[in-house]
Amino acid sequence: MVDVSARVQPWLGESAFELGELRTLTERDTDLSAYPHAADVRRNVLIYSAAEMARVDRRALQAELITALADGPGVVVFTGAFPAAVVDAANAAFGDLISAQRQAGGAAGDHFGAAGVNDRVWNAAQKLALHSPDVYSAYYANDPLALVCQAWLGPRYQVTSQVNVVNPGGAAQVPHRDYHLGFVAPGQLADYPAHVHRLSPALTLQGAVAHTDMSLDSGPTMLLPYSQLFEGGYMAFNRPEFIDYFAAHQVQLPLCKGDAVFFNPALYHGAGANTSADVRRMANLLQISSPFGRAMEALDRTAMVRAVYPALRAMKAAGHPAAELLNAVVATAEGYPFPTNLDQDQPIGSLAPPSQVDVVLAALADDLTPEALDVALCDQNERRIP
């Protein structure tokens, strides 16, 4: 006979979010020997060298990253993830976008901070693609980014990004968890069953690429390693005692330009206060979504593909590795074929019709002109209309 009382409870009650439980989970040390591909542990955070990562078995490294993000400290740093020249080119483009945004007027809102204090560029991925396709293509061809996205979300993830510049005097964010359940009104969280609280972190990967050197006084991201293990954390993070605990136990790491941080969205975190005199702390905040979920931002991926495709053809002609082209295409195009109109967009010879990623990869393989690709994209979009 099955002991029903021993089953996992379907709803989270008060016992699921006690501060003592969070203490038990987070007050531990990260054992470097359990992560053989990591170069170091700093303040309980695993550090990986992007240069060394390229030399090891990819699947074994991804398995280790999954363990680190799911059951380990919940956060990893990749040193030297993005080349300085690529970051500098992106910074120039983002500077143009920020200047145009300022001239247009209006303050950009912030989920967890005061509007107008800092400079934030929403939908920075699409804006970069349309503003500087060559820069965008070089940026999102990045393989350390693709490696961790594939590990956490599978091969056809959805990249969105927001540039955040925290100016001197910028206040710290309140500690929080992130999308999806991190954006549900507190009064509604208890209505989501426990298995949804466990599922939500698997639908998103959070990341931040340092676009400037980030000293501790410039306020790099505050992190609470192992806090993603706290099952009741979505319901608890806005309670005063948990905010106080985070303030007393959070860690911050200085970063160099081109370093990247990736973490489980259920990890308690928040941008730090910029107490420096003159550092405008700039990061490209990456929120990468599972193809089986809903991304936070709505992107016109067809427009992005049209803008970027000539740059991708040029990269192919210049002899860039096929993996880099694939990375850029997956970051740009829609990789999931659903929802669609199955009367018109039929799965012939496969379980699903081609996705936009499939269309772009086929165009690159056949060296289609931008005009020919545009016809293929229009035909696909037409088939998908209900």
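**Close-up 1. The largest cavity holds about 490 Å³ of space.** This is a predicted model, in which local features need pLDDT of at least 70 and side-chain atom pairs count only at pLDDT 80 or more, while totals for chains, interfaces and linings use all residues. Residues are numbered from 1 along each chain as its sequence is written, and side-chain values use heavy atoms, with hydrogens and water left out. The structure holds three cavities of 30 Å³ or more. A cavity is a set of points, on a 1 Å grid over the protein atoms alone, where a 1.4 Å probe fits but cannot get out; lining residues have an atom within 4 Å of a point. Points are joined across faces, edges and corners, and a volume is the space filled by probe spheres set on them.

**Close-up 2. The lining of the largest cavity has 37 residues.** Gln173, Thr221, Phe263, His269 and Leu285 lie nearest the centre of the largest cavity. Two or more lining residues come from each of β5, β6, β8, β9 (269–270) and β10 (281–289). Strands (E, at least two residues) and helices (H or I, at least four) are DSSP runs, numbered from the N terminus. Strand β10 gives the most to this lining, six residues. By type, the lining of the largest cavity has 21 nonpolar, twelve polar and four charged residues. Here Ala, Val, Leu, Ile, Met, Phe, Trp, Tyr, Cys and Pro count as nonpolar, Asp, Glu, Lys and Arg as charged, and the others, Gly among them, as polar.

**Close-up 3. The largest pocket holds about 480 Å³ of space.** A pocket is an open set of points with protein on both sides within 12 Å along at least five of seven lines. The largest pocket is lined by 21 residues, and Gln158, Glu334, Phe338, Pro339 and Arg384 lie nearest its centre. Helices α12 (301–317) and α15 (370–384) are the elements that give two or more residues to this lining. The largest share, three residues, comes from α15. Nine of the pocket's lining residues are nonpolar, seven polar and five charged.

**Close-up 4. Two peptide bonds are cis.** The bond from Phe338 to Pro339 has omega near -5°. Pro339 sits in the loop between α13 (322–332) and α14 (356–365). The bond from Tyr179 to His180 has omega near 15°. His180 is in the loop between β5 (158–166) and α8 (186–189).

Close-up 5. Most residues other than glycine have a negative phi. Arg43 lies in the loop between β1 and β2. Arg43 is exposed, at 52% relative accessibility. Asn123 lies in the loop between β4 and α5 (124–131). Asn123 is buried, with a relative accessible area of 14%. Buried means under 20% relative accessible area, exposed over 50%, and partly exposed in between (1.4 Å probe, protein chains only).

**Close-up 6. Eight strands form an open, mixed sheet.** The order is β1-β2-β3-β8-β6-β10-β5-β4. Its edge strands, β1 (40–42) and β4 (119–121), each pair on one side only. Two strands pair if DSSP finds at least two bridges between them. Strands β2 (residues 45–49) and β3 (residues 75–79) run parallel, joined by four bridges. Leu46 has Val76 as its bridge partner in β3. Helix α3 (residues 58–70) packs on the sheet and touches β2, β3, β6 (204–210) and β8 (260–263). Contact means heavy atoms within 4.5 Å.

Note on methods:
Axes are lines fitted to C-alpha atoms, for helices over the stretch in contact, and angles run from 0 to 180 degrees between N-to-C directions.
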